[in-house]
Amino acid sequence: MRKRQTIQCSLILDAINRIGGHSTADEIYDNLKDDYPSLGRATVYRNLNKLAEEGQIRRVCVPGGADCFEKMCSRHYHVKCMECGEIHDVDMGYMEGLEDRIRNLDGYEILSHDIVFSGICPKCRKKNHSSFD
């Protein structure tokens, strides 16, 4: 049975849809705080966790950065720009069963995986290239 959705969850889902892409909890909070000053940062964090656990949004764990949240819940991979930090989806099929192919010497039971590639986005490449002209 699905739990009743609170007003706070609805506001957060609306913000994620409005912002699009991959938003951090702070970006979502900043997007909402002016229109809803009684909405606290802790409430946003708590509800993002709840929405992710319920499968209504997806949490993307970003090495060396803040977790991001997105509306596309299907399993897929991401790339992070090493210059500006933006996160984008990668056009690559999810590798089912990859966990089964990992040789695990430490006794872990591997249940799932996320992959975040590192690179330089087109905007940063263009900016860096034009600074050398």
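**Reading contacts, burial and pairings in a predicted model**

Trainee: Which residues does methionine 82 touch, not counting residues up to four places away in sequence?

Mentor: A contact means heavy atoms within 4.5 Å. With residues up to four places away in sequence left aside, methionine 82 touches Ser118, Gly119 and Ile120. Before going further, note that this is a predicted model, in which local features need pLDDT of at least 70, side-chain atom pairs count only at pLDDT 80 or more, and totals for chains, interfaces and linings use all residues. Residues are numbered from 1 along each chain as its sequence is written, and side-chain values use heavy atoms, with hydrogens and water left out.

Trainee: Where does methionine 82 lie, and is methionine 82 buried or exposed?

Mentor: Helices (H or I, at least four residues) and strands (E, at least two) are DSSP runs, numbered from the N terminus. Methionine 82 belongs to the loop between β4 and β5. For burial, the classes are buried (under 20% relative accessible area), exposed (over 50%) and partly exposed (in between), with a 1.4 Å probe and protein chains only. Methionine 82 has a relative accessible area of 60%, so the residue is classed as exposed.

Trainee: Is asparagine 47 buried or exposed?

Mentor: Asparagine 47 is buried, because its relative accessible area is 8%. The residue sits in helix α3, which spans residues 41-53. Its contacts, not counting residues up to four places away in sequence, are Thr6, Gln8, Cys9 and Ile12.

Trainee: Which residues form a nonpolar patch on the surface?

Mentor: Patches are made of residues with over 30% relative accessible area and no salt bridge; like charges are joined within 9 Å, and nonpolar side chains (Val, Leu, Ile, Met, Phe, Trp, Tyr) within 5 Å. Accessible areas come from the Shrake-Rupley method with a 1.4 Å probe, and for residues only the protein chains shown count as cover. Here Ile102, Tyr108 and Ile110 form such a patch, with about 320 Å² of accessible area together. One of them, isoleucine 110, is in the loop between β5 (87-89) and β6 (116-119). Isoleucine 110 counts as partly exposed because its relative accessibility is 34%.

Trainee: How many salt bridges are counted?

Mentor: A salt bridge is a side-chain nitrogen of Lys or Arg within 4 Å of a carboxyl oxygen of Asp or Glu. The count is six salt bridges. Among them is the pair of aspartate 26 and arginine 41, whose closest N and O atoms are 2.7 Å apart. Aspartate 26 lies in helix α2 (residues 25-33) and arginine 41 in helix α3, so this pair ties together parts that are 15 residues apart in sequence. Aspartate 26 is partly exposed at 34%, and arginine 41 is partly exposed at 37%.

Trainee: What forms a salt bridge with arginine 58?

Mentor: The partner is aspartate 114, with the closest N and O atoms 2.5 Å apart. Arginine 58 is in strand β2 (residues 58-60) and aspartate 114 in the loop between β5 and β6, so parts 56 residues apart in sequence are tied together. Arginine 58 is buried, with a relative accessible area of 9%, whereas aspartate 114 is partly exposed at 44%.

Trainee: What forms a salt bridge with glutamate 86?

Mentor: Lysine 123 does, and the closest N and O atoms are 3.2 Å apart. This pair links distant parts of the chain, 37 residues apart: glutamate 86 is in the loop between β4 and β5, and lysine 123 is in helix α4 (residues 122-130). Glutamate 86 is partly exposed at 31%, while lysine 123 is exposed at 56%.

Trainee: How many disulfides does the count come to?

Mentor: A disulfide is a covalent bond between the sulfur atoms of two cysteines. The rule used here asks for a pair of cysteine sulfur atoms within 2.5 Å. The count comes to zero disulfides. For cysteine 68, which is in no disulfide, the nearest cysteine sulfur is that of cysteine 61, 9.6 Å away. Cysteine 121 is also in no disulfide; the nearest cysteine sulfur belongs to cysteine 124, at 3.6 Å. Cysteine 68 is buried at 4% relative accessible area, and cysteine 121 is buried at 10%.

Trainee: How many aromatic pairs does the count come to?

Mentor: Rings of Phe, Tyr and Trp (its six-membered ring) pair if their centres lie within 6.5 Å; planes under 30 degrees apart count as stacked, over 60 as edge-to-face and the rest as tilted. The count comes to one aromatic pair. Tyrosine 77 and tyrosine 94 form a stacked pair, 5.4 Å centre to centre with 20 degrees between the planes. Tyrosine 77 lies in the loop between β3 (68-70) and β4 (78-81) and tyrosine 94 in the loop between β5 and β6, so the pair ties together parts 17 residues apart in sequence. Both tyrosine 77 and tyrosine 94 are buried.
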